[in-house]
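Here's a quick, friendly tour of the structure below. Have a look at it before reading on.

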Amino acid sequence: MDRAISPQPYDALLLLSFGGPEGPDDVIPFLENVTAGRGIPRERLEEVGAHYRLFGGVSPINEQNRALLAALRADLAEHGVDLPVYWGNRNWAPYVTDTLREMVRDGRRRVLTLATSAYASYSGCRQYREDLAGALATLADEGLPLPQVDKLRLYYNHPGFLRTMTEGVLAALAELPEGVRAGAHLAFTTHSIPDAAADVSGPPAGHGAGGAYVAEHLDAARVIADAVREETGVERPWELVYQSRSGAPHIPWLEPDVVDHLTALHDKGAPAVVMVPIGFVSDHMEVLYDLDTEALAAARELGLPAVRSATVGAAPAFVAALRDLVLERAATERGESPTRCALGALGPSHDVCPVGCCAGRVARPAAAGADSPYA
Ligand SMILES: CC1=C(CCC(=O)O)c2cc3nc(cc4[nH]c(cc5[nH]c(cc1n2)c(C)c5CCC(=O)O)c(CCC(=O)O)c4C)C(CCC(=O)O)=C3C
Ligand SMILES: [Fe+2]
């Protein structure tokens with residue numbers, strides 16, 4: 001096989017995601033899965049449950065993942081990359097443990113994992129590695145042979161991700177009334193997490209305030225803002241803001257909140273804003289509710305013209321980026337030195353999370369990293 005399209009040594013790709021409810025009866029069991037032992041106040045759960053009920057109890061995330069799965073399979077086939085793609089979730093069926101069991105029964109021995117989060121953080125990186133460890137532990141208990149499981153490097157700074165986000169911003173700007181377009185601000189948004197979690201995101205050696213989580217989002221935002229300036233010839237103010245905060249009010253989480261930011265923009269006379277959801281790879285509930293429902297309503301109330309730009313979803317250029325990352329990692333595992341595409345100042349992320357990367361509050365086994373108890 002042509003080395004440039006060889007996925008070897010991998011014999012399967014695992015799309016690993018969050019999962020979401022598929023109907024009204026799933027909402028509470030789903031939320032219980034998400035928050036098991038995580039101390040989220042009951043009122044917050046009911047509030048979030050109501051967001052899902054507004055959409056018939058159906059999270060958009062599963063359809064998004066089915067679309068990504070189909071697009072990945074089509075892209076790999078079209079480019080002659082012979083690699084079956086499976087899908088498993090943390091919080092809803094198909095559960096990752098069931099998927100991994102199916103993969104083993106299909107004879108898969110060397111699995112590369114693609115998680116649907118582009119950045120470092122406990123929730124977006126290490127927790128997925130814990131999910132893999134939990135699945136491997138169950139298979140071991142069942143006496144099944146364990147596959148070797150790796151995880152793809154973070155892809156927030158891959159040109160295919162940043163270019164696709166940039167195109168989305170340009171399209172969103174075009175939706176604004178012409179009179180306010182040139183003065184529009186860019187508000188890059190991502191999931192708020194506790195300050196303490198942000199501070200320990202990424203490799204232990206790299207920790208400063210905000211950790212890798214904040215640094216990576218700022219790096220991505222800067223690349224997109226620069227590209228938008230190049231394309232439009234207009235220098236626009238931009239800021240990184242946060243959304244979807246949960247947890248107890250006395251615990252500090254990353255700020256400012258997107259809605260407070262819209263108010264501040266309005267107060268200082270900004271003519272318009274584009275909300276750019278760089279923290280989300282597809283139209284999750286956080287995007288459909290917290291941005292499209294709540295934040296856009298707040299903007300309307302303020303009289304601030306606002307639009308939300310697209311997530312990458314299953315856009316062809318993003319799917320091509322994922323193929324590039326898979327083939328890059330496969331080549332690295334074969335001992336080659338492939339080009340590692342990345343824009344911005346931080347450079348390509350590590351292939352193997354070092355010991356202590358994205359530490360959680362409680363130490364749990366995590367696979368696909370230097371501290372994995374599995375090979
Ligand atoms: C960084 C991050 C990502 C991005 C990385 C990634 O993509 O993985 C993400 C993704 C998602 N979070 C999601 C849903 C929820 N997250 C919650 C709770 C929490 N998220 C957190 C962080 C993140 N979350 C945190 C620090 C909490 C607090 C408690 C805890 O640490 O668990 C809760 C409980 C209620 C609440 O507190 O809001 C829900 C329902 C869905 C599905 C949406 C859909 O259905 O479309 C997705 C993709
Ligand atoms: Fe979340």
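In which sense do β1 and strand β2 (residues 85-89) pair, and over how many bridges? They pair in the parallel sense, over five bridges. Helices (H or I, at least four residues) and strands (E, at least two) are DSSP runs, numbered from the N terminus, and two strands pair if DSSP finds at least two bridges between them.

A heads-up: this is a predicted model, where local features need pLDDT of at least 70, side-chain atom pairs count only at pLDDT 80 or more, and totals for chains, interfaces and linings use all residues. Residues are numbered from 1 along each chain as its sequence is written, while chains are lettered from A and ligands numbered from 1 in the order in which they are written.

| Partner strand | Sense and bridges | Residues facing each other |
|---|---|---|
| β2 (residues 85-89) | parallel, five bridges | Ser17 and Asn89 |
| β3 (residues 110-115) | parallel, five bridges | Leu13 and Leu112 |

β1 itself (residues 12-17) is mostly covered, with six of its six residues buried (20 or more other C-beta atoms within 10 Å of a residue's own, C-beta atoms being placed from the backbone). Ala12, Leu14 and Leu16 point one way, and Leu13, Leu15 and Ser17 the other.

Now for ligand 1. Around it sit 24 residues, and Gly20, Ser59, Gly124, Ser246 and His284 come nearest (a residue is near if its C-beta atom, placed from the backbone, lies within 6 Å). α1 (27-35) gives the largest share of this shell, three residues. Domain 1 (3-155 + 314-333) and domain 2 (159-308) both contribute, so ligand 1 lies between them; the bounds come from an automatic or database domain assignment.

Technical notes
Buried ≥ 20, exposed ≤ 12 C-beta atoms within 10 Å, placed from the backbone.
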